[in-house]
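Subject: Structure handover

Hi there,

Here is the structure I promised to pass on to you. My notes on it follow below, so please have a look whenever you find a moment.

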Amino acid sequence: MQIQSSFRRSGGVTSFLFSALFIAFLMPVLVAQPAAPPLPAAQPAPGSAAHPWADKSLTPDRRASLLIKAMTLDEKIALLHGVTPGGLPRTNDDFIFPTVGYVGYIPANRRLGIPALTLADGRAGVGNGAKDVTLLPSPIAAASSWDVALMNGFGTLLGKEEWDKGTNVTLSPSIDVVRVPQWGRTFESYGEDPYFNGRMAVAEITGIQSQGSIADANMYLTMNQESSRFSADSAVDERTLEEIYLQPFEAAVTEAHVGTIMCAYVKTNNVYSCENAQVLQDFLRKQLHFDGWVMSDWGATHSTVDAAKNGLDQEMPYDLFFGAPLKQAVLAGQVSVATINDHVRNVLLPMFQHGLFDKAQPGKWTSNVRTPAHDAFSRKVAEEGTVLLKNVAVLPLAPKTAVAVIGAAGTTKPKAEGGGSSDVVAPYVISPFDGIRKRSAGTVTSADGSDLAAAANAARSAEVAVVFVRTEETEGDDRPDLKLPGNQDALIAAVAAANPKTIVVLDTGGPVLMPWIDQVAGVLQAWYSGQEDGNAIAAILFGDVNPAARLPLTFPRTAQAIPTATPEQWPGVGGHSQYTEKLNVGYRWYDATNTDPLFPFGFGLSYTTFSVANLTVGAPTPQAKVTVHLNVTNTGKRAGAEVVQVYVAHPAANGEPPHQLRAFAKVLLNPGQTKPVSLTLEPRSFQTFDTTTHKWTLQPGTYQILAGTNSRDLPLTSTVTIATAK
Ligand code: BGC
């Protein structure tokens with residue numbers, strides 16, 4: 001159907017046609033008629049006879065029940081689909097993402113005092129063309145900090161700016177496990193480990209929801225590729241779904257109590273996510289007891305009756321299936337009023353829980369929301385998220401070092417963010433050249449890299465050459481391969497040949513191949529690092545900040561040495577992507593197949609050094625919680641942070657990957673300092689999903705506990721015996 005292809009964001013013919021259509025016909029309308037702000041909800045006296053659901057002393061559930069009783073069928077259906085902000089016409093053919101105003105909108109119901117729902121994107125800052133907002137580093141950068149407090153601050157800043165823009169539903173975070181390293185939305189996610197993604201999701205969602213706006217965990221489920229994303233099918237077995245892909249969502253629902261979930265474009269086992277009873281009902285409602293609402297991704301609704309019966313609560317952004325067709329289906333007896341009431345309750349409950357009926361939201365889309373503190377936090381995230389991958393006695397730089405800054409990403413075209421719906425209008429972007437020039441006390445020259453000989457000359461005349469390279473990752477497109485695009489590999493090789501003190505800075509959203517790795521002295525993975533790009537990288541290069549980030553996904557040595565190297569796996573054959581690697585996602589596959597990664601999951605260097613020692617493992621509690629203790633020491637000469645990581649290896653009979661991350665902690669240490677670290681392994685660490693009973697089951701047996709500083713450096717081992725299954 002035509003609308004599906006219209007949702008493409010960038011790249012490709014469809015998007016070009018859309019841009020053309022947009023510029024020709026709708027831009028003038030949008031500019032002339034900006035989106036209407038949300039209508040103010042009527043504010044009846046609390047508990048008044050007319051609006052008894054306004055009584056704050058009642059439970060959200062009771063308030064929802066009272067309100068549902070008062071609603072007409074039309075009023076109920078109005079809550080189950082979006083409308084065009086600003087009242088623009090809507091047909092299959094003219095779908096355009098509003099560039100002004102909320103990307104999803106449900107008008108207020110004045111009769112009943114139901115506030116408008118105002119939805120905006122926000123993976124790395126308020127999206128959808130909002131002005132005067134902070135451009136944060138991409139979520140993958142924030143996740144690389146391995147610092148849940150920082151990620152909570154990321155969510156808090158985002159939630160605050162969204163709320164102050166009048167947004168009461170923030171379409172973030174994106175928590176899918178990165179299965180395919182070429183995935184075009186890797187930069188929007190947290191990486192390849194389900195447990196790790198769960199920790200980050202809880203931290204970010206809690207932050208967003210602390211500011212008033214309801215968070216939205218997306219994209220549910222198996223949204224692991226952009227290739228043919230409107231029709232791709234993820235063919236994946238139940239155990240893998242449960243143990244890998246569902247895990248971050250489980251954490252988001254059960255620990256962070258996320259208010260909304262966005263069902264994805266793709267199919268899971270041949271059924272579209274937004275009408276998939278297993279995905280929406282069995283997993284989400286029956287297993288996880290999710291009590292919020294499921295909205296479709298933009299254009300991911302494909303039916304009326306199936307979607308309504310199988311668990312979709314709200315169609316976004318329009319009413320193609322859940323407007324008049326849903327009313328007709330109810331009148332024809334195909335969808336029961338009880339089902340409609342369930343959907344309405346799912347929408348109303350988080351609205352009551354998050355106080356949307358009880359507090360005014362003074363913010364408007366045009367409000368100025370950025371603050372100096374937010375700018376500073378954006379820089380902090382970029383500094384804390386930059387991973388030092390290689391350093392052969394070159395970093396940190398002395399202040400007077402003569403530096404050549406090379407490459408467009410370092411000079412004329414800084415790469416601060418990825419493409420697609422996460423796009424943020426940056427208030428400014430500090431280029432690496434400007435950041436370095438500001439910080440340096442020496443000569444700083446530049447070359448944009450378009451001419452290899454000129455770049456080599458610049459490198460030759462400096463003490464150190466810093467080459468900035470980039471990928472153009474975006475929603476809507478997977479990368480064709482893992483190579484740096486264009487002539488960038490040749491650029492690095494030419495610069496490294498001219499100056500052995502060459503440092504490569506990777507402004508990429510995911511892993512790239514590094515054929516030049518042995519020729520360069522240093523490598524920094526800076527991701528897409530937001531508006532403070534140049535200041536943050538300068539702080540790292542000159543050692544004002546000691547790098548403390550770790551990779552949240554594996555960097556492979558070759559294109560073939562990845563878990564999803566066959567076309568059957570990605571992008572799929574005949575529309576089906578076979579998840580034959582099963583549980584062996586990310587580092588699990590490298591370990592299971594004895595494949596050497598270029599840089600392993602959890603890896604990152606520092607300007608100091610650390611050691612870990614004295615692992616002790618406590619006796620399991622009756623529920624199978626296990627406490628692990630160890631010591632971590634800063635063995636170097638400057639303060640720095642190590643990320644202690646604990647992995648669990650199941651007994652072979654359990655059929656699990658070799659070892660899996662189950663706990664981690666970031667520890668700040670002064671030179672010579674030792675700190676004890678205590679970590680708790682949750683019962684889930686010792687469970688597997690039983691596909692006969694369809695339940696998580698604790699498996700008695702002896703488990704190995706491995707501790708260290710990345711998935712391939714786990715020098716401390718011990719065991720724990722789990723006696724009985726509870
Ligand atoms: C994206 C979502 C986004 C939505 C609204 C979709 O194309 O997949 O992540 O929230 O558009 O912009």
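One definition to begin with: two strands pair if DSSP finds at least two bridges between them. Helices (H or I, at least four residues) and strands (E, at least two) are DSSP runs, numbered from the N terminus. The model is a predicted one, where local features need pLDDT of at least 70 and side-chain atom pairs count only at pLDDT 80 or more, while totals for chains, interfaces and linings use all residues. Residues are numbered from 1 along each chain as its sequence is written, and side-chain values use heavy atoms, with hydrogens and water left out.

Strand 5 (residues 233–235) and strand 7 (residues 267–268) pair in the parallel sense over 2 bridges, and K267 in strand 7 is the bridge partner of D233. Both belong to an open sheet of 4 strands with mixed pairing, in the order 8-7-5-16. Strand 8 (271–272) and strand 16 (576–578) are at its edges with a single partner strand each, so one side of each has no neighbour in the sheet.

On the chain as a whole, there are 19 helices and 25 strands. The radius of gyration (taken over C-alpha atoms) is 26 Å, close to the 27 Å from the globule rule for 726 residues, so the chain is as compact as a globular protein of that length. That rule is 2.2 Å times the number of residues to the power 0.38. Buried residues (under 20% relative accessible area, with a 1.4 Å probe and protein chains only) make up 63% of the 726.

The axes of helix 6 (residues 148–164) and helix 14 (residues 372–385) come within 11 Å and cross at roughly 145 degrees; axes are lines fitted to C-alpha atoms over the stretch in contact, and angles run from 0 to 180 degrees between N-to-C directions. Contact means heavy atoms within 4.5 Å, and by that criterion L150, G153, F154, L157, K160 and E161 in helix 6 meet H374, F377, K380, V381 and E384 in helix 14.

Finally, E656 lies in the loop between strand 19 (640–649) and strand 20 (660–669). E656 is buried, with a relative accessible area of 14%. Leaving out residues up to four places away in sequence, E656 touches R239, E243, L583, H650 and T688. E656 and K666 are 10 residues apart in sequence, yet 27 Å apart in space, C-alpha to C-alpha.

Best wishes

Notes:
Buried < 20%, exposed > 50% of the residue type's maximum accessible area, 1.4 Å probe, protein only.
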